[in-house]
Amino acid sequence: MENMKKKNLKKSIRVKIISMGNAEVGKSCIIKRYCEKRFVPKYLATIGIDYGVTKVNLQEREVKVNIFDMAGHPVFYEVRNEFYKDTQGAMLVYDVTNRATFDALDQWVDEMKLEVGSGHGMDNIVFVLCANKIDKGKRVVEDMEGRLWADAHGFHYFETSAQTGDGITEMFNTLFEGVLVAIDNGGRKQPVTTQLGYTREQVEAIQRLKNAKDNYDRLGLRSGATKDDINRAFRRLSVMLHPDKSVAPGSEEAFKLLVKARTDLLNASRS
Ligand code: GTP
Ligand code: MG
């Protein structure tokens with residue numbers, strides 16, 4: 001009996017993990033940071049695919065992690081495609097200082113779907129989304145945008161830096177643990193529960209109020225909209241963004257902008 005138990009504990013499990021995301025977002029560096037505890041500032045593009053194995057002990061089990069590190073550049077599409085099948089965990093990465101890499105996330109999911117098939121196959125892959133390079137200044141994709149995207153897709157979300165190591169261990173632990181839970185559960189992953197407390201609609205309204213080109217645009221109206229339109233838009237947005245009600249980051253500032261936009265528009269129409 002004792003012996004059998006020991007044997008069970010020692011039984012090692014193999015899992016397959018892949019990396020995804022545009023070229024230069026930091027996929028290889030994140031893996032290097034985790035496996036070798038170091039950072040290489042110089043960009044060495046992955047050619048096709050890099051393969052590595054690392055061993056981790058999780059839940060008293062030895063887990064052999066096979067990592068397939070994909071090249072993000074479009075020319076390697078044909079090479080990458082061979083490696084999607086049988087994936088149990090995926091690390092999807094974007095660079096917070098480059099919006100195009102964030103906008104490309106859906107394409108990555110679609111590329112994978114083509115190989116794995118939508119539905120059951122895709123649904124049980126554990127995904128972590130890495131908002132990488134948070135150490136750099138000039139961030140253009142905000143924390144809440146990334147969280148919302150991850151939330152909408154049922155992915156875990158982590159803010160990471162391969163340079164400083166921030167978030168990397170936590171991210172990999174979550175990924176590996178998620179895969180183990182799925183294995184123990186007959187291949188079905190546990191849904192990711194998040195409690196953002198705010199909606200995409202709120203985030204979009206806040207961004208519009210902050211970045212719009214004029215007051216009509218701030219309220220989501222066409223220029224020359226009527227007084228009634230203005231008041232209706234104002235009421236809708238003030239319910240959505242009132243700082244006493246909304247916990248979306250930036251609500252307070254957005255609410256002030258909203259009040260000012262409406263006042264200015266009504267004053268202008270009067271004169
Ligand atoms: P491909 O292999 O071409 O798909 O790119 P990749 O996603 O593997 O990118 P890679 O890890 O090679 O990193 C690209 C560049 O970004 C390199 O110059 C890295 O040094 C840099 N880099 C990666 N992660 C970080 C980070 O967290 N912070 C900073 N400041 N630079 C990073
Ligand atoms: Mg690479």
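Author: A word before we start: a helix here is a DSSP run of H or I with at least four residues, and helices are numbered from the N terminus. Please also keep in mind that this is a predicted model.

Reader: Thanks! How should I begin with open space in a model, and what volume does the largest pocket have?

Author: Rolling a probe the size of a water molecule over the atoms shows where empty space is left. Here, the largest pocket has a volume of about 770 Å³. Its lining is made up of 36 residues, and G26, K27, S28, C29 and L44 are the closest to its centre.

Reader: Which element gives the largest share of the lining of the largest pocket?

Author: That is helix 2, with seven residues. Strand 2 (49-58) and strand 3 (61-70) also supply at least two residues each. Sorted by class, the lining holds 17 nonpolar, nine polar and ten charged residues.

Reader: And where does ligand 1 sit?

Author: Ligand 1 sits in the largest pocket.

Reader: Which side chains have an N or O atom listed beside an atom of ligand 1?

Author: For polar contacts, look for pairs of N or O atoms within 3.5 Å. The side chain of T46 has an N or O atom 2.8 Å from an oxygen atom of ligand 1. On its own, ligand 1 has 650 Å² of accessible area, and the protein covers 93% of that.

Reader: Let's move on. How many residues line the second largest pocket?

Author: There are 16, and T87, Q88, G121, N124 and I125 lie nearest the centre. This second largest pocket contains about 210 Å³ of space.

Reader: Which helix supplies the largest share of that lining?

Author: Helix 8 does, with three residues. Helix 6 (120-123) and helix 8 (168-184) each supply at least two. The classes here come to six nonpolar, seven polar and three charged residues.

How values were computed
Residues numbered from 1 in each chain as written. Chains lettered and ligands numbered in written order. Predicted model: local features only at pLDDT ≥ 70, side-chain atom pairs only at ≥ 80, totals over all residues. Heavy atoms only, no water. Polar contact = N/O pair within 3.5 Å; in protein donor to acceptor, adjacent residues only side chain to side chain. Areas by Shrake-Rupley, 256 points an atom, 1.4 Å probe, with all protein chains shown as cover. 1 Å grid on protein atoms, 1.4 Å probe; cavity = no way out; pocket = protein on both sides within 12 Å on 5 of 7 lines; lining within 4 Å. Sits in = over half its atoms within 2 Å of the grid points. Points joined across faces, edges and corners; volume = space filled by probe spheres on them. Nonpolar A, V, L, I, M, F, W, Y, C, P; charged D, E, K, R; others polar.
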